[in-house]
Amino acid sequence: MDAEQQQVLEYFIEEARENLDTIEKGLMDLVATSQDSERINELFRSAHSVKGGAAMLGLQSIQHVAHRLEDGFKVLRDQPDVASPEAQSLFLQGFDFLCNLLEHLQNNGELETEYTRQILEQSDPAFTELQNLLAAAGQATPSAPRIDRWESLLATPTATAASMGADDAVTALLQQLLEHFRAEETTEQRQQILHTCQQLRNLSSEPAWQYLLDICSRAIAKPENSFAQLAAVVVRNLKQASDQWQLGRADQVAVTPALARLAGGAIDPYTATVVSIPIEPQEAARALAASFERSQLLVLATQLVQVLREG
């Protein structure tokens with residue numbers, strides 16, 4: 001495992017442990033938790049975050065178990081009265097399987113196929129029983145799709161962003177971004193990373209989301225920033241932002257100080273200077289060169305080329 005991958009994995013484990021702590025506290029008194037909309041939403045968001053991070057890293061067994069927990073929390077969020085001591089026991093069983101997977105990953109640096117097969121074999125009956133219990137109590141089933149044959153998780157290839165919904169497209173593009181960061185540092189590879197950022201930017205018209213992607217592009221365009229420096233900071237910002245966006249809170253997306261430093265300082269999008277561009281191409285080029293740093297011009301040129309290709 002290279003340095004960039006190790007750094008991102010360590011960030012995922014650190015964030016996942018924080019989310020698991022939140023889930024565990026909520027499960028200790030599930031009946032009371034289910035009656036507090038903010039607390040049950042917190043459990044749902046925590047499971048959702050673990051699921052998204054695991055999907056980005058290709059940790060499909062963790063993604064699957066976190067998804068099953070998320071399904072259950074969604075039912076409790078919509079129908080709090082279905083919570084019971086029996087449901088609490090089954091939730092805790094599922095939670096333990098997720099903890100076991102994360103602990104194994106932290107201790108071994110990977111999740112071997114045979115180990116994940118055993119965990120999924122053991123966890124699926126508990127989650128099926130939980131689903132049936134919640135459905136019987138509330139006369140409803142979780143709206144999120146359930147995977148009946150978990151074996152497919154061990155062999156399913158990653159789909160392309162174009163074939164997915166918006167949430168899955170973000171995850172697929174973040175996976176792609178990680179692969180680019182792991183590659184050899186070349187100008188061409190940096191351009192590929194910038195292109196992926198542009199694809200991410202195009203997924204939402206929310207100003208805060210687009211601004212974050214612009215700052216990421218500025219940081220990536222600076223040749224003095226190595227891939228090792230960029231990987232963890234950029235991916236961490238985008239992972240946190242995608243969690244907010246996928247939960248319908250894109251307006252809360254923010255740029256961290258670490259990313260702003262790599263970008264040479266973030267610009268307030270609401271007070272940024274407006275540049276007047278002449279119509280004549282050469283004059284326009286001179287105006288741009290006088291108004292932007294070299295790194296910003298590189299981002300602009302990349303985006304113009306992309307617009308021409310798409311047009």
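Helix axes here are lines fitted to C-alpha atoms over the stretch in contact, and the angle between two of them runs from 0 to 180 degrees between N-to-C directions. With that in mind, the tour goes through a predicted model, one selection at a time.

**First selection: α3 and α4**

Select residues 37-57, which form helix α3, together with residues 60-78, which form helix α4; the two pack with their axes 8 Å apart and at an angle of about 160°. Because angles over 145 degrees count as roughly antiparallel, α3 is described as roughly antiparallel to α4. The crossing of this pair is left-handed.

To see what lies between the two helices, show the side chains on each of them in turn. On the α3 side the contact is made by I40, N41, L43, F44, A47, H48, V50, K51, A54 and A55, while α4 contributes I62, Q63, A66, H67, L69, E70, F73, K74, L76 and R77. Coloured by residue class, the contact of α3 with α4 divides into 12 nonpolar, 4 polar and 4 charged residues.

From α8, the residues in the contact are R190, I193, L194, C197, L200 and R201, and from α9 they are W209, Q210, L213, D214, C216, S217, I220 and A221. By class, the residues of the contact of α8 with α9 comprise 9 nonpolar, 2 polar and 3 charged.

Keep α8 and α9 on screen and pick out one cysteine from each side of their contact, C197 of α8 and C216 of α9. How many disulfides does the structure hold? There are 0 disulfides, and for C197, which is in none, the nearest cysteine sulfur is that of C216, 5.5 Å away. C216 is likewise in no disulfide, with the sulfur of C197 as its nearest cysteine sulfur. A pair would have to lie within 2.5 Å to be counted as a disulfide. Are these cysteines buried or exposed? C197 counts as buried because its relative accessibility is 1%, and C216 counts as buried because its value is 0%.

Finish at A284, which is located in helix α12, residues 281-291. With a relative accessibility of 11%, A284 counts as buried, since the cut-off for that class is under 20%. Leaving aside residues up to four places away in sequence, A284 touches I277 and P278.

How values were computed. Residues are numbered from 1 along each chain as its sequence is written. This is a predicted model: local features need pLDDT of at least 70, side-chain atom pairs count only at pLDDT 80 or more; totals for chains, interfaces and linings use all residues. Side-chain values use heavy atoms; hydrogens and water are left out. Helices (H or I, at least four residues) and strands (E, at least two) are DSSP runs, numbered from the N terminus. Angles under 35 degrees count as roughly parallel, over 145 as roughly antiparallel, 65 to 115 as roughly perpendicular and the rest as oblique. A crossing is left-handed if the near helix is turned anticlockwise from the far one by less than a right angle, and right-handed if clockwise. Contact means heavy atoms within 4.5 Å. Ala, Val, Leu, Ile, Met, Phe, Trp, Tyr, Cys and Pro count as nonpolar, Asp, Glu, Lys and Arg as charged, and the others, Gly among them, as polar. Buried means under 20% relative accessible area, exposed over 50%, partly exposed in between (1.4 Å probe, protein chains only).
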